[in-house]
2 protein chains.
Amino acid sequence: MSRRTPKSAQLTIGIDVGGTKVYSILVDSQNRILARTKKKTKEGTPPIVLERIETCVQDLLKASGAAASDIAALGIGFPGPLDPRKGIVMEATNLPGWNHFPLTQEVTAHLGIPSYLDNDVNLGTLGEAKAGAGNGAENVFGVFLGTGTGGGLVLGGQLYHGKSGTAGEVGHMIIHHGGRMGPRGLRGSVEGLTSRTAIVQQIVERIENGEKSMLSDEVKAGRRVRSGTLKKAFAKKDKVVCDVLRDAAEHVGVLVGSILNLLAPDVVVLGGGVMEAVPDAILPRAKEVARHIAVPDAWKHSTIQAAALGDDAGAMGGAILARMKAASPGRG
Amino acid sequence: MSRRTPKSAQLTIGIDVGGTKVYSILVDSQNRILARTKKKTKEGTPPIVLERIETCVQDLLKASGAAASDIAALGIGFPGPLDPRKGIVMEATNLPGWNHFPLTQEVTAHLGIPSYLDNDVNLGTLGEAKAGAGNGAENVFGVFLGTGTGGGLVLGGQLYHGKSGTAGEVGHMIIHHGGRMGPRGLRGSVEGLTSRTAIVQQIVERIENGEKSMLSDEVKAGRRVRSGTLKKAFAKKDKVVCDVLRDAAEHVGVLVGSILNLLAPDVVVLGGGVMEAVPDAILPRAKEVARHIAVPDAWKHSTIQAAALGDDAGAMGGAILARMKAASPGRG
């Protein structure tokens with residue numbers, strides 16, 4: 001937990017609820033982080049998460065010296081299907097007991113602070129768009145390569161949700177029709193070709209097919225391959241790992257080039273655990289491939305950036321959402 | 001040319017400039033078409049197109065009995081790279097002599113009517129979104145299968161251009177990385193798999209490889225295969241034509257499913273010459289494939305529709321753009 005003095009009476013709080021931790025920040029109107037705190041998610045049922053959120057808020061106030069009355073609003077990022085307009089969590093990707101739970105209503109009732117909700121990846125994109133790699137650009141496309149591959153869209157300066165509220169499901173776009181089998185029984189989907197899960201699967205397959213790799217022992221022992229392991233193997237130029245990462249980067253480039261053609265965003269932000277671990281394996285090759293695919297004008301006017309906020313992105317997006325909503329509560 | 005009495009003092013004109021004809025309509029504030037006229041594009045240089053546009057406007061006024069003062073504004077759809085914000089045509093896809101030509105400035109100066117410009121496919125999407133298959137929906141994705149495959153996006157009720165102004169270049173999205181070679185040296189692009197050009201190429205290849213088809217004679221004689229020919233051969237269940245169309249429809253479905261995941265639009269509109277000629281070859285199969293790919297919520301909230309306005313779509317979009325711009329000239 002860090003401590004600074006608040007610079008403004010209009011502070012907001014962003015809270016990123018994950019499978020293992022609830023991560024919170026307090027920010028001022030310039031998106032400066034005044035305090036951070038994190039708590040274990042523990043069992044992760046609704047009452048426990050509510051209690052964690054309350055504790056986070058109290059800790060942030062204590063650490064910063066701010067009063068509850070200094071907090072204009074609070075924004076929560078949550079994994080899994082939810083209704084951002086109504087603040088209801090339909091279900092949670094890795095947490096039990098969430099079934100159409102009215103999270104913002106409960107948080108607002110308990111804390112007396114207006115609260116808002118969105119998908120964690122959407123808020124990561126919003127955070128990067130406004131206060132990170134997007135640098136405030138109007139149209140930003142975010143892709144996050146982690147356990148899965150998720151995405152978000154900021155269009156016209158606002159999070160874009162589409163009719164169903166599910167927009168940004170970039171992992172289930174098809175870039176190689178008929179290709180490798182991925183999640184949801186889809187062949188050639190972005191997630192099935194670029195997520196850490198897909199990358200690790202391919203490394204394991206190659207090792208099982210007899211290719212030599214630094215990771216052979218741990219793969220054969222059935223240990224989980226983490227981003228940190230990929231990073232070490234890439235740094236040591238392990239051929240299997242380098243080949244698979246190059247292939248994933250190529251597919252990221254295919255996606256990004258296609259998105260440049262469809263949406264011509266100001267900025268494409270690439271983030272997530274894989275990008276943080278091996279940015280040099282992903283970014284240059286993805287750019288090279290995207291450049292080949294993009295129409296020249298779209299390429300010229302857009303930039304492709306590594307995410308800048310790291311673990312803060314989702315919570316920052318929550319704090320920014322809270323400020324935007326508090327300023328004009330009627331907007332999408 | 002048809003004739004009706006104007007229902008409102010706030011009329012607008014939409015003009016669709018194509019390679020062979022300049023097609024114009026006069027509409028009232030309810031998007032009712034009061035008069036239509038078309039002229040051959042002829043040589044298609046800037047002075048000739050300007051003269052054609054002027055003649056169209058005069059003919060529309062004469063046919064409807066409206067006065068020039070009844071016309072609030074005029075919207076022009078044009079093929080090829082242009083700057084919609086400045087009203088400048090950078091170049092034209094099939095017309096000579098267009099090099100950064102300030103079309104709207106010239107039209108406004110000659111006719112005394114505020115005029116606006118956009119890409120013909122964008123305006124086709126806008127026309128369908130507001131007055132056709134989109135039925136006024138907020139977020140509409142349009143795909144048009146013709147000589148090439150083009151697209152447009154209406155988001156939040158407005159045409160979306162992106163940073164470069166080129167958004168909607170759906171033909172150059174990649175759906176089968178490493179697949180069949182298409183335009184711009186791109187493998188597995190939407191255009192290379194779904195346009196009439198791609199469809200005809202594949203029919204020709206199959207016939208040249210010895211497969212039997214009703215089209216064998218005209219292909220061997222080197223005659224151009226038109227949409228009408230495809231329609232007849234599809235109606236007679238010609239195997240080569242049916243197979244190739246089924247494959248194109250599948251790829252349309254891959255695109256549409258991916259777009260449902262990314263953008264979750266209210267409506268996807270499928271139009272263009274191929275769709276008009278053989279809707280039953282394209283739409284059912286495309287829907288089936290898209291349904292498999294789309295996340296369930298996006299599928300549930302979106303609809304996939306055949307375009308409803310036919311040849312009027314682009315001009316209708318022009319008339320609607322003109323009304324939107326005249327009402328709030330500052331908007332994107």
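How many of the 25 residues of H8(B) are buried? In this predicted model, 20 of the 25 residues of H8(B) are buried, so the helix is largely enclosed by the rest of the structure. Here buried means under 20% relative accessible area, exposed means over 50%, and partly exposed lies in between, with a 1.4 Å probe and protein chains only. Helices (H or I, at least four residues) and strands (E, at least two) are DSSP runs numbered from the N terminus. Because the model is predicted, local features need pLDDT of at least 70 and side-chain atom pairs count only at pLDDT 80 or more, while totals for chains, interfaces and linings use all residues; side-chain values use heavy atoms, with hydrogens and water left out. Residues are numbered from 1 along each chain as its sequence is written, and chains are lettered from A and ligands numbered from 1 in the order in which they are written.

Helix H8 of chain B covers residues 239–263 and reaches 35 Å from its first C-alpha to its last, close to the 36 Å expected at 1.5 Å a residue. That expected span is 1.5 Å times one less than the number of residues in the helix. Directly after H8(B) comes Ala264(B), with a positive phi near 40°.

Helix H12 of chain B (residues 313–327) gives a similar check: its 15 residues should span 21 Å at 1.5 Å a residue, and its end C-alpha atoms are 21 Å apart, which agrees. Since 11 of the 15 residues of H12(B) are buried, this helix too is largely enclosed by the rest of the structure. Among those buried are Ala313(B), Gly314(B), Met316(B), Ile320(B), Leu321(B) and Lys325(B). The partners against which the buried residues of H12(B) pack include strands S1 (11–17), S2 (21–27), S3 (33–40) and S4 (71–78) of chain B, as well as helix H3 (120–131). Contact is taken as heavy atoms within 4.5 Å.

Strand S12 of chain B (residues 267–271) is mostly covered, with five of its five residues buried. In a regular strand the side chains alternate between the two faces of the sheet. In S12(B), Val267(B), Val269(B) and Gly271(B) point one way, Val268(B) and Leu270(B) point the other way, and all are buried. Two strands are said to pair if DSSP finds at least two bridges between them. S12(B) pairs in the parallel sense with strand S9 (residues 140–145) of chain B over five bridges, and Val269(B) is the bridge partner of Gly142(B). A parallel pairing over four bridges also links S12(B) to strand S13 (residues 303–306) of chain B, where Ile304(B) stands opposite Val268(B).

A further sheet in chain B is open and has three strands in the order S5-S6-S7, with antiparallel pairing. Strand S5 (82–83) and strand S7 (101–102) of chain B stand at its edges with a single partner strand each, so one side of each is left without a neighbour in the sheet. S5(B) is joined to S6(B) (residues 88–89) by two bridges, and Asp83(B) has Ile88(B) as its bridge partner.

Turning to the backbone, most residues other than glycine have a negative phi. Asn31(B), which is not a glycine, has a positive phi of about 65°. Asn31(B) lies in the loop between S2 and S3 of chain B and counts as buried at 17% relative accessibility. In chain A, Arg184(A) likewise has a positive phi, near 60°; its place is the loop between strand S11 (158–159) and helix H4 (190–194), and Arg184(A) is partly exposed with a relative accessible area of 36%.

The two chains can now be taken together. Chain A can be laid on chain B with an RMSD of 0.0 Å by a turn of 180° and a shift of 0.0 Å along the axis. The two copies are thus related as by a two-fold rotation axis. The superposition is by least squares on the C-alpha atoms of residues with pLDDT of at least 70 in both copies. In the interface, 100% of the interface residues of chain A are also interface residues in chain B, so the copies meet through the same surface.

The contact takes 42 residues from chain A and 42 residues from chain B. Between them the chains bury about 3500 Å², with 61% of it on carbon and sulfur atoms. Lys163(A), His177(A) and Leu262(A) supply 20% of the area that chain A buries against chain B, more than any other three residues. Buried area is the accessible area (1.4 Å probe) that two parts lose on being put together, summed over both.

His177(A) is itself buried, with a relative accessible area of 19%. Its side chain makes a polar contact of 2.6 Å with the side chain of Glu250(B). A polar contact is a pair of N or O atoms within 3.5 Å; within protein, one must be able to donate a hydrogen and the other to accept it, and residues adjacent in sequence count only if both atoms are side-chain atoms.
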